Amino acid sequence: MNLRDIKKDIEYVLSAFVEDCSVCAAVNPNASDEKIAALMEEAVNLYNDLRDKVNVKVEGPRKAYFTGLRKEILEETNALYEKLSETVKKGAKK
């Protein structure tokens with residue numbers, strides 16, 4: 001497990017989410033632009049938090065810490081995608 005790979009994973013996953021938000025806003029005119037913008041801001045804040053966690057000096061077993069961090073990346077991004085999905089569904093019902 002390489003620190004550089006974790007940083008790339010954070011960058012890739014969250015930039016893909018922001019791109020998906022942009023596509024949803026462009027394709028779905030009924031979706032709330034404010035809610036999608038708030039989700040994008042939440043993703044940027046998550047990105048900053050995760051990068052801070054990666055750059056912290058780890059006391060104890062590094063492998064366990066970074067394994068937990070990778071799990072957190074996926075769980076938090078999944079939660080963001082669920083929120084995006086709900087926003088798009090509400091926009092489609094209008």
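Tutor: Two notes before we start. In this predicted model, local features need pLDDT of at least 70 and side-chain atom pairs count only at pLDDT 80 or more, while totals for chains, interfaces and linings use all residues. Residues are numbered from 1 along each chain as its sequence is written, and side-chain values use heavy atoms, with hydrogens and water left out.

Student: What makes up the secondary structure of the chain?

Tutor: The chain has 3 helices and 0 strands, in the order α-α-α along the sequence. Helices (H or I, at least four residues) and strands (E, at least two) are DSSP runs, numbered from the N terminus. The C-alpha atoms fill a box of roughly 50 × 15 × 15 Å along the principal axes.

Student: Why is C21 called buried?

Tutor: Buried means under 20% relative accessible area, exposed over 50%, and partly exposed in between (1.4 Å probe, protein chains only). C21 has a relative accessible area of 0%, so C21 is buried. Across the 94 residues of the chain, 26% count as buried.

Student: And why does C24 count as partly exposed?

Tutor: C24 has 21% relative accessibility, so C24 counts as partly exposed.

Student: What makes L74 exposed?

Tutor: L74 has a relative accessible area of 57%, and therefore L74 is exposed. This residue lies in helix 3 (residues 62–93). L74 and L14 are 60 residues apart in sequence and 9.8 Å apart in space, C-alpha to C-alpha.

Student: Why are R70 and D9 called a salt bridge?

Tutor: Side chains of opposite charge can pair when their charged atoms come close. The term asks for a side-chain nitrogen of Lys or Arg within 4 Å of a carboxyl oxygen of Asp or Glu. The closest N and O atoms of R70 and D9 are 2.4 Å apart, so the pair forms a salt bridge. R70 is in helix 3 and D9 in helix 1 (residues 3–27), 61 residues apart. R70, at 25% relative accessibility, counts as partly exposed, and so does D9, with 29%.

Student: How many salt bridges does the structure hold?

Tutor: The structure holds 3 salt bridges. K83 pairs with E42, with the closest N and O atoms 2.7 Å apart. K83 lies in helix 3 and E42 in helix 2, so this pair ties together parts 41 residues apart in sequence. K53 pairs with E72, the closest N and O atoms being 2.6 Å apart. K53 is in helix 2 and E72 in helix 3, 19 residues apart.

Student: Which residues gather in a patch of negative charge on the surface?

Tutor: They are D49, D52, E75 and E76. Helix 2 (33–54) and helix 3 each give two or more residues to this patch. Patch residues have over 30% relative accessible area and no salt bridge, and like charges are joined within 9 Å.

Student: Why is D49 called partly exposed?

Tutor: D49, found in helix 2, has a relative accessible area of 44%, so D49 is partly exposed.

Note on methods: Patch = residues over 30% accessible without salt bridge, like charges linked within 9 Å, V, L, I, M, F, W, Y side chains within 5 Å. Areas by Shrake-Rupley, 256 points an atom, 1.4 Å probe, with all protein chains shown as cover. Lys, Arg positive; Asp, Glu negative; His and termini not counted. Charge placed at Lys NZ, Arg CZ, Asp CG, Glu CD.
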